Structure formats: C-alpha cells, structure tokens
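Colleague: I would like to learn how to read this model feature by feature. Please start with the sheet.

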Amino acid sequence: MATRYWIVSLPVQSPGATASSLWSRLQDSVSRHSFDTPLYRFNVPDLRVGTLDSLLALSDDLVKSNVFVEGVSHKIRRQIEDLERAGGVESGALTVDGVPVDTYLTRFVWDEGKYPTMSPLKETVGSIQMQVAKIEDDMKVRAAEYNNVRSQLSAINRKQSGSLAVRDLSNLVKPEDMVTSEHLVTLLAIVPKYSQKDWLGSYESLDTFVVPRSSKKLYEDNEYALYTVTLFAKVVDNFKVRAREKGFQVRDFEYSPEAQESRKQEMEKLLQDQEAMRTSLLQWCYASYSEVFSSWMHFCAVRVFVESILRYGLPPSFLSAVLAPSAKSEKKVRSILEELCGNVHSIYWKSEDDVSIAGLGGESEVHPYVSFTINFV
C-alpha cells in the first residue's frame, strides 16, 4: 500500500470536452508513459459555490486547517501503534468505514447525510474542524488517564527493581528472615558488592550485643548485597552509626505481611486497570481514526473544489484524481498532468506575475493545476 498520494484537479477547457473524456486521456497517458503509477478518479460532488469573496476567504484557512486535521490523524495512528506494541499485538491494517484506508481514498464517496452538499462551504469546513478538534481533546483526556496508570506502575517497578540502596525490600524478605522479640531485632544492611568479606569479618565487632553468626545474605545486585543481622534492640542506634562509619548502610525496614499483601494487590489492580484502559483506548482509537480520516478526505474534497474554482473559474468544470507515483516516476507524471492542462495555460501559470498565487495548493512547487500531497504516516 502506498502511503503518499497526490490529489489533483485538471481543467476541462477544450471545446466539447467533458470530465469523462479528460479522464480517458489521463488514463491513456499514464498507462503509456508511467504504467506503474496507480491512478483513481476522486469524486468531488457539486458543492455550494457561494460568492467569490467567500471562496477567497475560505481558501486562506484551507491549508492551515488541512495541517491540523492531518496532524490529528497521524497522532491517533501513532497512539494505535504504541498501544498495539504495549499489548504485544501485531500491527494490522487500519480501516475506515470497514475498508482499508487506501481503498477509502481511492473509492471516495461524499457522505451527503453527514455533510449536505447544499450547506455553505464555510459551514461544512467548520463542522469538520469542530468534530476533529473534539476527537483530539477526547484523545488527550483518555491518553492522560492511561499514561497516569502507566506512570504509577513504572514508579512501583523502579522501586522494586532499582538499586538495593533505594528500592523496596519487602519482596526480598521472608518471615523467617526476621527475628523480632522483646529484646532482639533484625536489621537489613546494604553492603557494597566488593566489601562483603569485610562485612562478614567485622559486623560482629561493631557492637558487643550483636548475635554471633546471625548475618545472612538475602539478595545481591550489580552494586550491593543485602544482609540481615540480629542484635539487641537497645544498641540499634549505636550499631547504625558504627556500620555507616565502615561504609555499610542499614535500611529502615519493618516487616509487615499485611502491608506486603496490600502492595501486591495494588500492583495487580494497576496491571488490570492498565490492560483494561489500553484495550478500551485502542478500540476508541480505531473508531476515532476512521472518523478523522473520513473527515480528512471530505476536507480534501472541499479543498479541491474551492481551489479549482479559484484557479479555473466558474462554472465548475474540472476533473479530480488521485495518483500514487513512485519517486522515479514523479517527474514524468508531472509532465503528463501539465500537458493535459494545455501549453497556453502552463505558460500563463508559470509567468512571474502569477507566482504569488502558488500558495493556494500548499505546495512549494508551482503547477498549472491544483495539486497537493497527503501522507498516511
């Protein structure tokens, strides 16, 4: 599937010519000179023209508004890719109204029920902008809620998987590791990985009330080892000072099975919430992408209609089409389109006096016909 398309319109200007006859000429030229270029008719309905002043005023906003609508489409697509990746789901082809996005574009049909052709163009464009803006705002809220849960989980994971000097120790300690009585208490010491021999040879001498051979290693990471040590409660403060002087850190820790179970349940609930929100947001994004892409293509149809009238005049008489040329075929396809516009028109359009009008199409290049590019990704 191509991801970059041109939407163009050509003037029907020869005596006796029709859009159908021009379409046949375009098909013939492309098949003979650039046979590998996909070509489709882009069906733009007879929209309400209004006044020339209203079209000129509308054209000033069309390019900027197109950037906005296209941008929202890409944001939703990227969100879908992130959510599918987070869920370990293989990315599938996105659809619009039940068909692949490229099929929707190449077989575009105006939705008269949603956007009546007799409505003023400014009203139609405003409706599209308002609808897309609402979807963007909704996505921001939904994504923020989902990311908040992800942040909470990340914070918990950092506590459980960081350095022993700062991480949560509750999942590393078992009930049998701790001794708690009226006089005795078990402390947890964080020992630098390469100072373990020093710890084992000196912890008993840090205070006379340390229980001999009471230290046991519970865990080790890349920097530190976690050891227990049992001593009389009355000398805890003195032991901490002496241990710190030797380069050992005694972590404040109180073993609580209830607190540990509560943290475990909190983690499980957050995981469930994250997956439920991921699934819900993904389904919403699928539906919203379809809605925004459809709105975008209707917007493109309005843009083609307005720019064609401003460029070719009234009454509306033009052929609109969609092409997807490869990079090596672009120059040849441009020459085909230019030739079908007629040499007189091309020379006129390329004159220096009219370069200022080139901005209508939103392209940096100047063409004697309406042309703009849309990118799916």
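Modeller: Two strands pair if DSSP finds at least two bridges between them. Strands (E, at least two residues) and helices (H or I, at least four) are DSSP runs, numbered from the N terminus. This is a predicted model: local features need pLDDT of at least 70, side-chain atom pairs count only at pLDDT 80 or more, and totals for chains, interfaces and linings use all residues. Residues are numbered from 1 along each chain as its sequence is written, and side-chain values use heavy atoms, with hydrogens and water left out.

Colleague: In what order do the four strands of the open sheet lie?

Modeller: Strands of a sheet pair through backbone hydrogen bonds, either parallel or antiparallel. Here the order is β6-β7-β5-β8, with antiparallel pairing. β6 (216-220) and β8 (249-251) are the edge strands, each pairing on one side only. From one strand to the next, the twist averages 35°. Axes are lines fitted to C-alpha atoms, for helices over the stretch in contact; angles run from 0 to 180 degrees between N-to-C directions.

Colleague: How many bridges join β5 to β7?

Modeller: Nine, between β5 (residues 184-192) and β7 (residues 224-232). Leu 187 stands opposite Val 229 in β7.

Colleague: Which strands does helix α6 lie across?

Modeller: Contact means heavy atoms within 4.5 Å. Helix α6 (residues 236-245) lies across β5, β7 and β8, at about 145° to β7.

Colleague: Now the rings. How many aromatic pairs are there?

Modeller: Rings of Phe, Tyr and Trp (its six-membered ring) pair if their centres lie within 6.5 Å; planes under 30 degrees apart count as stacked, over 60 as edge-to-face, the rest as tilted. That rule gives 14 aromatic pairs.

Colleague: Why is the pair of Tyr 5 and Phe 376 tilted?

Modeller: Their planes meet at 35°, so the pair is tilted, with ring centres 5.1 Å apart. The pair links distant parts of the chain, 371 residues apart: Tyr 5 is in strand β1 (residues 4-11), Phe 376 in the segment after β10 (370-375). Both Tyr 5 and Phe 376 are buried (under 20% relative accessible area; exposed is over 50%, partly exposed in between; 1.4 Å probe, protein chains only). Tyr 104 and Phe 108 pair edge-to-face, at 6.1 Å centre to centre and 75° between the planes. Tyr 104 and Phe 108 are buried. One aromatic cluster includes Tyr 5, Tyr 104, Phe 108, Trp 296 and Phe 376.

Colleague: Over which ring does the charged end of Arg 334 sit?

Modeller: A charge sits over a ring if NZ of Lys or CZ of Arg is within 6 Å of the ring centre and within 35 degrees of the ring normal. Arg 334 sits over Trp 6, 3.6 Å from the ring centre. Arg 303 sits over Phe 372, at 4.0 Å.
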